[in-house]
Amino acid sequence: MHSRLRAAILAPLLLAWAASADLDVYVDGALASGWENWSWSTTFNFAATDLYEGLSSISATSDAWAAASFKLEGQFNTYAGFQFDFAGDPTSVQLYFQGTTDNAQSAYIPLTAFPGVTTTKFTTITIDFSALPPSGAALGSGAWDRLNFQALANGATYHLDNVKFLTSITVTPLFLSAEPIGNDLIAVTTQGKVDLTTVKVKLNNASVAISNTTTYSPIDTPSKTITYFTLAKSLTAGPLVITAGTNTTFNYTLPAVRYGTINVPNVKAISPNIYGVNFPTSASYIQHLGITISRWGGNAVTAYNPSGDFTNAGNDWYFENRIADDGNADAWLGWVSGAGSKTALTVPALDWVAKDSTSYSFPKTIYPNQSAFDPYNSDAGNGQFNGTYVTPPTDPNRAYTPWNTTLAKKWLTGLVHKPDIIHIDNEIEIASSTHYDMHPNPIGFDEELARVVNFSIAVKDALPTVKIAAPSTCSWWFYWTSAIGLTDNAAHNNMDFLPWFLGQMKAKETAVGKRLLDYLDIHYYFQPDTSANDAAAKALRLRMTQSLWNTSYVDESWIATSNYNSQPNNKAVWLIPRMQQLINQYYPGTKLSISEWASTADSDITGGLVTADSLGIFGRYGVDSATYWATPDEKGPVGLAYWLYRGYGTYFGSNSVQVNMAENIEGIFGFYAGVDNGKVSLVYVNKNTVPMAFYISNVPTGKYFIRHFGGASGNAKWQTTTVLKDNTYTVIPAYTALFMKQV
């Protein structure tokens, strides 16, 4: 007999419902009546008895990105929440809801949002549809009829039991967190109707009076509430005790102050184009996050056919044609620019584009022994046998139609909405892998250069004033060599690829009489392995932003042990200064673009802090354009980093102010200063697991608008105004990003 081991995740919530009114999804041995199994690449035992309560449970094993997916013959819109018992690795599974008739989809809910989940016992997880974790946003409207437990990149094995939708959820009033922030504020988050008059503060064992309170709920997560208590005196080092309600206490030890300074007269312009993303979801998304440039890019655009809006994502999805996810490129340029964002359009530069929305390159009827097939189309394969692509290569006419510079020029000339930047394709140096079905042979230095030059000439003929970005190289390895390998370098005077490319593009300008490259465009993905997402991985993730600029930071990845390029100091990346040096040496006047980059953990607070840190670095070190890959969740940690700098019309300064810190603490702290029209703006990024405090000299006192996310307060668009009475002690909570701007 197995005993049930249950830990109530949603302890603050009192659940009240009539059992007969709840909607069961699983009862012992089978899905409940009205539910269908729409899962893919997942094996089940619906009567598992190795871990269960009642008579049995569901045991599921899913391949990478596959899901246990259950569809209701009806809708579950009227229910208040969802509850299930889970046993498994919480880092391997996420949950989301869908509406199959209206294509609605909820945000992803990582099971890491719920503490205490283990592989050895059931944990009861309750999700309130008025406040989905981790963002706190409501589920919202939709014809909701499908739920999905999706495995992440390494697949997942887990158990489910007592899966049901709840008719009602009653929220118990609670003080959730209280933490010091800024010079004299205590930020208190709550749920339900609490008695705020019970909040008391002691600093260094002495009571501190509260002079003012301000309560705020973010417009997009109204279930979350924060109250800022302004103290009658400034915070200082020592023990801090905050009591609330009848028995809730929050204890801190405020640290000794650290020192820095800003030099407001010493400024450098920040390019507004560093606050970009790929494929924003809507005009409101652009405006809420202050997105300055939006890119139409990625693997699928290599095969984009503007005559029908067909595309093919190559090996990202079984070499299948489809309608482009974002529809018509011209229409996309129109609504994006209309929302206030500049636009960057990618032009295909290989010899083929998708011919329709239904064809695919590796049908099972021709290649029956492929290693994987599309779970939604069992005839479409991945083109591989035991990890190697089929030979001889498939006929590209099966899925594609020819493409050339003439067709590209015709398309661009006819655009109603003109882009600001055009990228010459996307990562074509690895097309022999990503787009093996249309270009099976490795692309070398000469072919990549020729394609960039030929399509750049066509672009400039069609749109003379547009700026061109290339070669959109995928990674550090291919900055220096090609898919052919080091013999390609040897054939080109032993030069590394990007320096050679810049020199050749400069020579082409001389030959044709006009610049064919305005931006050196690269993709940069941090290389350290942070997939474990444990404490050590989080600390590493937060340190690795130093690879963007620090010549002394030896990369904590394979890069530090590789020796295949001829670059100086090649154990360190120091990406931005390195690329700027190459530009100055080989093609002066070219700008630097990073059109794909990412945090490595979009749903984790550390991913948000990496993003806030990186945006500050881009501004300080003079990146000219940057677009995040791909579309951060507006309410998630990465989206909040954009909101921090640019949200809702309040912007970080357009000029970067010189900052000097007394200690080298870049691995645990980032600090950025800007100025506009004499008004100073500041961003503090505490990457440490404990609070930090700073005296930044030359920071003006007076009234400030502040924003923050992270820390004990959690991930939401927290904001208020405050008066900085004293700049000698400013507290930044653990794992928190804080924005301050003079008003």
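Visitor: What makes W476 and W480 about one helical turn apart?

Guide: W476 and W480 both sit in helix α6 (residues 476–480), 4 residues apart, so about one helical turn separates them. A helix here is a DSSP run of H or I with at least four residues, a strand is a run of E with at least two, and both are numbered from the N terminus. Keep in mind that this is a predicted model: local features need pLDDT of at least 70, side-chain atom pairs count only at pLDDT 80 or more, and totals for chains, interfaces and linings use all residues. Residues are numbered from 1 along each chain as its sequence is written, and side-chain values use heavy atoms, leaving out hydrogens and water.

Visitor: Why is the pair of W476 and W480 called edge-to-face?

Guide: Rings of Phe, Tyr and Trp (its six-membered ring) pair if their centres lie within 6.5 Å; planes under 30 degrees apart are stacked, over 60 edge-to-face, and the rest tilted. The ring centres of W476 and W480 are 5.3 Å apart and the planes stand at 80°, so the pair is edge-to-face.

Visitor: How do you know whether W476 and W480 are buried or exposed?

Guide: Buried means under 20% relative accessible area, exposed over 50%, and partly exposed in between (1.4 Å probe, protein chains only). W476 has 2%, so W476 is buried; W480, at 0%, counts as buried too.

Visitor: What makes Y96 and Y108 an edge-to-face pair?

Guide: By the ring rule the count comes to 51 aromatic pairs. In the pair of Y96 and Y108, the centres are 4.9 Å apart and the planes lie at 75°, so this pair is edge-to-face. The pair links distant parts of the chain, with Y96 in strand β9 (residues 93–99) and Y108 in the loop between β10 (104–105) and β11 (109–110), 12 residues apart. Y96 counts as buried at 5% relative accessibility, whereas Y108, at 40%, counts as partly exposed.

Visitor: Why is α3 called roughly parallel to α5?

Guide: Axes are lines fitted to C-alpha atoms, for helices over the stretch in contact, with angles from 0 to 180 degrees between N-to-C directions. Under 35 degrees is roughly parallel, over 145 roughly antiparallel, 65 to 115 roughly perpendicular, and the rest oblique. The axes of α3 (residues 405–413) and α5 (residues 445–462) come within 9 Å and cross at roughly 30°, which makes α3 roughly parallel to α5.
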